[in-house]
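Take a look at the structure below.

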Amino acid sequence: MITYLQDHFQQTVERFYTHAWLAVLPLVIGLVLAIPLGWLASRYRRVYPGVINLAGLLYTLPSVALFVIMPSIIHTKILSPINVVVALTIYTVALMVRVIADALIAVPAEVRSAAVAMGFTGLGRFLRVDLPIAVPVIVAGLRVAAASNVGLVSVGALIGVDQLGSLFTEGFTLFVGSIVLLGILLCVLLALILDTTIVLIGRRLTTWQRAVA
Amino acid sequence: MGVIWNYLGDPAHWSGSDGVPARVLEHLEYTFLALAFVCLIALPLGLYVGHTGRGSVAIAGTANALRALPDFGLLVYVVLLISGQLPASLAYLLPSVLVLVILGIPAALSATYAGIQAVDPAARDAARGMGMTGSQVLWRVEVPNALPLMLSGIRSSMLQIVATATIAAYVSLGGLGRFILDGQSQRDYSQMAAGAVLVGVLAILLDLIVAGIQRLVVSPGVTGRFRTAGPGRRPSLVTSSQEGSVVPTT
Amino acid sequence: MIKFDSVVKRYPDGTTAVDGLDLVAPSGQITVLVGPSGCGKTTSLRMVNRMVEPTSGTVWLDDRDTASVPAAELRRGIGYVIQQAGLFPHRTIADNIATVPLLLGWDKRKAKQRALELMERVGLPTDLARRYPAQLSGGQQQRVGVARALAADPPVMLMDEPFSAVDPVVRAELQNEFLRLQSELDKTILFVTHDIDEAVKLGDEVGVMRVGGRLAQLATPAELLADPVDDFVAGFVGRDRGYRSLGFRAAGDLPLVTEPTVRLGADQAEALRAARDGWVLAVDEDARPQGWIDVRQLDPGTTVGPDLLHRGGTVAKEDDSLRAALDAALSAPSGRGVIAGGDGRLIGTITAREVVERIEAERSAGVPADTREPEPAAGSRE
């Protein structure tokens, strides 16, 4: 494993960055898209079942199926990393919509009415009161999404996208286990980095919880 | 979009050992085989940890740790490790099923454990106080109330397995993933797409079946699905657990 | 009978929950354990059915040492009712109630029948039998809890704050029904509550426990109110002890005065003739008191109508307690407390002074404080 790393250092580092980027971008876009959708589902109860069921349906689809279907829907080339990003964004949205909807529903009604009474309105109230309270739950969901995405990106090697998953395909073709192991370790490392980052950001946003604990 | 139907439209692709029905069957075989083992391992373990409360930290920790592992990588690695030592017929099947089982366990295990934990402690206390033995409390009270979460855990595991089994075609397994991989090497996009659609439909169908089972098996008193209207949401002493929430899969 | 014999419960971290409890809960009676949080009352209760095992000492059920019987078997012979009811959400009401009989091996049909009988007994409409606990209100769920504990007809019942989780109106109903049930069933009941009023209302004997698990006083409610053994018990029992203790004394033969009355619909002149000190009592055709009329508010030529009634006074029954009689007198706008017979018909009135004279007379005659009559439900309002 060490020799491989020494021989292919540059390439491995590039693959690591590509992998990171392919995992994080969908997380960010997915989160941004899921917030308004989740808010809609939490606010309008008639919409909730429909949105949640659709999200559940999308989440049921195996990732590789999405990767393969993407090109025909958005007219990209099969090899293109965009397929991965779009597919994983869909996954992230599907997961986070429910998390966000449930987190917002769980904000205590008394807190909300107190905020309104103090003069918070509309978007301001949402950003300054509801969302911060929902942060811990959202963070938990995001951690799951992050770990999930890191694993899913590697499947992209099957459609030819070059990232850490390529270490798996190389290792298999060459029948060298240690290359595969390197890939696994780097994936786990990336997952850990993302997880820790998310937790730290979450902590920053919820200093009030730490003060109590 | 029409290109997807090319492959499926051709009747030749619906017969023979590499036809659609055969591959679907293979895929189902892998899925149920792995799911059976997952249930055999995760359910008793989850019940034990939930009922006695021992080992909960270890369980939670392992479940979380396993989630960080890349499924594809694990699959390839285990195959490389073990296949050499096995007779040819099993060489790829055994390690693949092994990985499917390992990847499927966390969802079912943590859901079972969470389900048992979520049972109303007053109901548990009353059950013991009435004279039920430990195992009677488990089977007559805890399990029926933990069913929604347990079943949703099994559902997640199943979806995880279906997805990973698709990828397992890479390590020479059969199943619907074959269309995707063969289609790629043959540069036949419509074959790839056909495989993708088939596996998507299969996943949705299986999910619906388990959801249906959930509806049949779980007591209405637990899900809150009542035929006759109750006296409305008055303050109640009973907590009826919600249907299990989505636990993520590959 | 339940007997605690030097029972101690000490936890591994050193806390003593129960410190040498000696207590007998007599058969066929309700014994209430009451005290502040941390006094060990619930722990003591749970040592009877071995949900908590004593560190030392013995708990006897009649002549059997509870430790000598396998726990599950012991518990099947004891009714157990807890604060949150602990109903099984996944089973129907009838199935919940039938749990212990089925555990004991009864025939299914017999068990189901028993469940329906009990539902009626505890005041639940039988069409709720196939519903699930989540569809019932809190008060209904508590009744199911009691029915479930009674199902196998155990001689002993353990009740841990069974009525605390419902609102006060429902709680009072449940308490009254519980007393009615017990009068029919005569079970040996050990009841735990933190509410001294509930203890005094329900208990044949009340044991006050102090923090640290020691019994401060065991006495009848009347004795407890009249003679608390130390400051802690006095403080716990609370104020209004004197007034409350009147609830345990029968009014007996109070010197009632015949009260002139007027019928609803009578005219003003008639009312004026009947009134004393400006007030007249209005009754219906069956001589049932309806309320007081202030004749100064009657204009000439008008009739006595329902809108003129002052309904503030309570009505005491003739076999009620001194407390009820005094309350009737104090609450009547005319100063004359209305006493009615068991059928609701007016018997006469009495003033507060006359009630107090009777109390004083009894005190000098040395009538003991605990001539206990069960205190009925609060006197009806007009």
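## Where chain C meets chain B

Chain C gives 28 residues to its contact with chain B, and chain B gives 29. Two residues are in contact if their C-beta atoms, placed from the backbone, lie within 7 Å. This is a predicted model: local features need pLDDT of at least 70, side-chain atom pairs count only at pLDDT 80 or more, and totals for chains, interfaces and linings use all residues. Residues are numbered from 1 along each chain as its sequence is written, while chains are lettered from A and ligands numbered from 1 in the order in which they are written.

On the side of chain C that touches chain B, two or more residues come from each of α2 (71-76), β6, α4 (99-103) and α6 of chain C. Helices (H or I, at least four residues) and strands (E, at least two) are DSSP runs, numbered from the N terminus. Helix α2(C) gives the most, with four residues. By class, this side of chain C has 14 nonpolar, nine polar and five charged residues. Ala, Val, Leu, Ile, Met, Phe, Trp, Tyr, Cys and Pro count as nonpolar, Asp, Glu, Lys and Arg as charged, and the others, Gly among them, as polar.

## Where chain B meets chain A

Here chain B supplies 34 residues and chain A supplies 38. On the chain B side, α1 (3-9), α4 (71-83), α7 and α9 each supply at least two residues. The largest share, nine residues, comes from α9(B). The side of chain B that touches chain A divides into 27 nonpolar, four polar and three charged residues.

## Two packed helices in chain B

At what angle do α7 and α9 of chain B pack? Helix α7 (residues 134-167) and helix α9 (residues 189-217) of chain B pack at about 165 degrees, with their axes 10 Å apart. That makes α7(B) roughly antiparallel to α9(B). Angles over 145 degrees count as roughly antiparallel. Axes are lines fitted to C-alpha atoms, for helices over the stretch in contact, and angles run from 0 to 180 degrees between N-to-C directions.

Residues in this contact include B:L151 and B:M158 of α7(B), and B:L202 and B:L206 of α9(B). The contact residues of the two helices divide into 13 nonpolar, two polar and two charged.

## A six-strand sheet in chain C

Six strands of chain C form an open sheet in the order β6-β7-β8-β3-β9-β10, with mixed pairing. Two strands pair if DSSP finds at least two bridges between them. Strands β6 (78-82) and β10 (214-219) of chain C stand at the edges, each with a single partner strand, so one side of each is left without a neighbour in the sheet. The twist averages 15 degrees from one strand to the next.

Five bridges join β9 (residues 205-210) of chain C to β10(C), and these strands run antiparallel. C:V206 stands opposite C:A219 in β10(C). Helix α6 (residues 138-150) of chain C packs on the sheet and touches β6 and β7 (156-160) of chain C.

## A three-strand sheet in chain C

Chain C also has an open sheet of three strands, in the order β14-β15-β16, with mixed pairing. Three bridges join β14(C) to β15 (residues 336-340) of chain C, and these strands run parallel. In β15(C), C:A340 is the bridge partner of C:K317. Helix α13 (residues 322-331) of chain C lies across β14, β15 and β16 of chain C, at about 130 degrees to β15(C).

Technical notes:
Parallel < 35°, antiparallel > 145°, perpendicular 65-115°, else oblique.
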